[in-house]
Amino acid sequence: MTTRQIVIDQGLDFLQRVGTEQICKVCIMNGGSCCSGCVHLADGRGCTLRNTSCTAWLCGFLGFLLYETGLYQEWTEFWRQVPGRNYRMDNTPDIFPISKALPKRNLQFLSHELAEDLNALSLLHPQKRYILDLREQIDNCLDELFYWKSPEKQTTIKNKLRLLSKDFSRFNQALASYRKDTESSVNS
Ligand code: SF4
Ligand code: SF4
């Protein structure tokens, strides 16, 4: 058994280790805060009603980071166990059963590189919605990737995702070394 508060804390701890805050900073600087207009957002205090729904939710950038590092599935499977998620609130019971835990991974260096790439892109394309449109396109791409099962469709969508992320040069380089290190530690 677990509690509503424990899964929220575990989710936040996972995101903190993964380093998502760095990506959020760039997104927010570009006017993309996903908390924008929420009644639970208080000036200087941030979120006043932290809930399971918002904790579990992934935008295109965070989804992309978890997808590329092989953690997307683990994240969604973890949250699938949590009932009562809703839009900007939850009806999650105080206590409920759970069997799967979240892994603990420090990916701060990868998030840092992605944030740097996004920052550089936002300076290169100062038009207001550039970064936000990119985030939405990546998000749609991930949705399609998990919806379509045929190998042909999967290849097309993966190529589309590669194209959308082609300018993430620092991130792509760091990801290649991360994958190499992960592979060699599995094989040793
Ligand atoms: S939309 Fe994504 S990157 Fe932007 S602030 Fe929200 S979680 Fe962070
Ligand atoms: S409830 Fe969700 S959208 Fe609203 S401030 Fe909190 S985290 Fe942001």
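This is a predicted model: local features need pLDDT of at least 70, side-chain atom pairs count only at pLDDT 80 or more; totals for chains, interfaces and linings use all residues.
Reader: Which helix supplies the largest share of the shell around ligand 1?
Author: The residues around ligand 1 include Ile 23, Cys 24, Cys 27 and Ile 28, along with Cys 34, Cys 59 and Phe 61. Two helices, H2 (20–29) and H4 (60–68), each give at least two residues to this shell. The largest share is 4 residues, and its source is H2.

Reader: How many charged residues does the shell around ligand 1 have?
Author: Gly 32 and Ser 33 are among the residues that surround the ligand, and Gly counts as polar. By class, the shell has 8 nonpolar and 2 polar residues, and the number of charged ones is no residues at all.

Reader: Is H2 roughly parallel or roughly antiparallel to H6?
Author: The axes of H2 and H6 come within 8 Å and cross at roughly 10°. Angles under 35 degrees count as roughly parallel. H2 is therefore, relative to H6, roughly parallel.

Reader: How many charged residues does the contact of H2 with H6 have?
Author: On the H2 side the contact includes Thr 20, Gln 22, Ile 23 and Lys 25, and on the H6 side Ser 111, His 112 and Leu 114. Lys is one of the residues that count as charged. Beside 5 nonpolar and 6 polar residues, the charged count is 1.

Terms used. Residues are numbered from 1 along each chain as its sequence is written. Chains are lettered from A and ligands numbered from 1 in the order in which they are written. A residue is near a molecule or strand if its C-beta atom, placed from the backbone, lies within 6 Å of it. Axes are lines fitted to C-alpha atoms, for helices over the stretch in contact, and angles run from 0 to 180 degrees between N-to-C directions. Angles under 35 degrees count as roughly parallel, over 145 as roughly antiparallel, 65 to 115 as roughly perpendicular and the rest as oblique. Two residues are in contact if their C-beta atoms, placed from the backbone, lie within 7 Å.
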